[in-house]
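Subject: The structure I promised you

Hi,

Have it open while you read.

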Amino acid sequence: MSRDFQSLLPLSRQRVDRDHASRTDADVLRRLWADDASRIVVLRGGRALAAEGEAAAVALITADRLPEGIGDPLADDGSTLYLGRALEGPGPIPPGSPLWAVFLPDAPAHEGTPGDRTSADERWLDLRLTAAELDDLGAGVFTEALAVGNWHRTHTHCPRCGAPSRAEAGGWVRRCTVQGIELFPRTDAAVIVGVVDDRDRLLLGSNAMWENNRYSLLAGFVEPGESLEAAAIREIGEESGVVIDDPEYVGSQPWPFPASLMVGFLARVAPGGTAAERPDGEEILDLRWFTRDELADDRHGILFPGRSSIARAIIERWYGGPLPEAGF
Ligand SMILES: [Zn+2]
């Protein structure tokens, strides 16, 4: 729907030209890696190295600060990813700078890295917790790197024949070592829906995996052979028994925990659509319809979805502004 809404989504901010054309040219990748303007985001265990002296900023370091033997633009193990080139924007990274991600082993084999700093000086950022505080470039490269890194970690073998696969194309393709077929990064689509009734109340549910006073929008994965709209109607029906009409797309955001794309909708309850309302009892334990006044009233002690989430953004879109409680 509106570009304004999309620009509010912390993980949807991109300041990178992904430069698809350079990925498959080994000479170009080597040259880009050697470029003095190259900068690297370093990930370990799904977290990104933080910039020194800043509350929440992703470090973008030069290759000479990487640990010995780490970082290779032609790595076939998925440990180095070409993210693309920086686009125009605020901050010290000039447009055109080649950007990379390097994934350190999860095990503490490289304690004290990168560079000459001790591990005690390092801070590592959790994307989900810090995304809303990061700048556009930092949020974009962290999201891109984490999403592709998660794919490499879980797709080490060919799904057809089970043989090992090796990374190529700057980390954007894996190839089966037996059949030679190309394997591409996967993204799992999920729908998330703000359901509004004829009294302009918003439906929120409490998930079995959360604290019992945390409420959010209902959501679920799109099934194979299903449209986004059909998935929205089905998921709301399954989780709440509520029937909705004409879900309307409002925006989308990658959610690399580990591999989702959240597609946001707003929808109205169909006439008589609450007749069979009930939480599914497995995933959703409680359903509540909130007026705006009820959401704003902190006596309810309701915890909302974190600021990184599209759920938060859709709720605030309906609410008409930032929610009064910080959430996390
Ligand atoms: Zn194979």
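First, a term you'll need throughout: a residue is buried under 20% relative accessible area, exposed over 50%, and partly exposed in between, using a 1.4 Å probe and protein chains only. Keep in mind that this is a predicted model, where local features need pLDDT of at least 70 and side-chain atom pairs count only at pLDDT 80 or more, while totals for chains, interfaces and linings use all residues. Residues are numbered from 1 along each chain as its sequence is written, and side-chain values use heavy atoms, with hydrogens and water left out.

**The zinc site**

Let's start with the metal. The protein donors of the zinc ion are Cys 158 (SG), Cys 161 (SG), Cys 176 (SG) and Gln 179 (OE1), at 2.1 to 2.4 Å from it. (Donors are N, O and S atoms within 2.8 Å of the metal, or 3.2 Å for Na, K and Ca; water is not among the atoms, so sites may look incomplete.) Along the chain, these donors follow the spacing C-x2-C-x14-C-x2-Q. Cys 161 sits in the loop between helix H4 (136–154) and strand E7 (165–168), and Gln 179 in the loop between strands E8 (173–176) and E9 (182–183), so this pair ties together parts that are 18 residues apart in sequence. Helices (H or I, at least four residues) and strands (E, at least two) are DSSP runs, numbered from the N terminus.

Why is the arrangement called tetrahedral? Because the 4 donor atoms subtend angles of 97 to 122° around the zinc ion, and four donors count as tetrahedral if all angles lie between 85 and 135 degrees. Cys 161 is partly exposed at 36% relative accessibility, and Gln 179 is partly exposed too, at 39%.

Two strands pair if DSSP finds at least two bridges between them; E7 and E8 have 4. Ser 165 stands opposite Cys 176 in E8.

**Salt bridges**

The structure holds 17 salt bridges, meaning a side-chain nitrogen of Lys or Arg within 4 Å of a carboxyl oxygen of Asp or Glu. One of them joins Arg 166 and Asp 76, with the closest N and O atoms 2.7 Å apart. Arg 166 is in strand E7 and Asp 76 in the loop between strand E3 (47–49) and E4, so the pair links parts that are 90 residues apart in sequence. Arg 166 is partly exposed, at 35% relative accessible area, and Asp 76 is partly exposed at 37%. Another salt bridge pairs Glu 168 with Arg 175 (2.9 Å, N to O).

**A covered strand**

Which residues of strand E5 (residues 98–104) are buried on each side? Pro 98, Trp 100, Val 102 and Leu 104 are buried on one side, and Leu 99, Ala 101 and Phe 103 on the other. E5 pairs with strand E2 (residues 39–44) in the parallel sense over 6 bridges, and runs antiparallel to strand E4 (residues 80–86), joined by 5 bridges.

Finally, look at Glu 239 in helix H5 (residues 228–240). Glu 239 is buried yet has no salt bridge, and the nearest side chain of opposite charge, Arg 234, is 7.8 Å away. (Lys and Arg count as positive, Asp and Glu as negative; His and the chain ends are not counted.)

Happy browsing!

Methods
Tetrahedral: all angles 85-135°; square planar, octahedral: opposite > 155°, others 65-115°.
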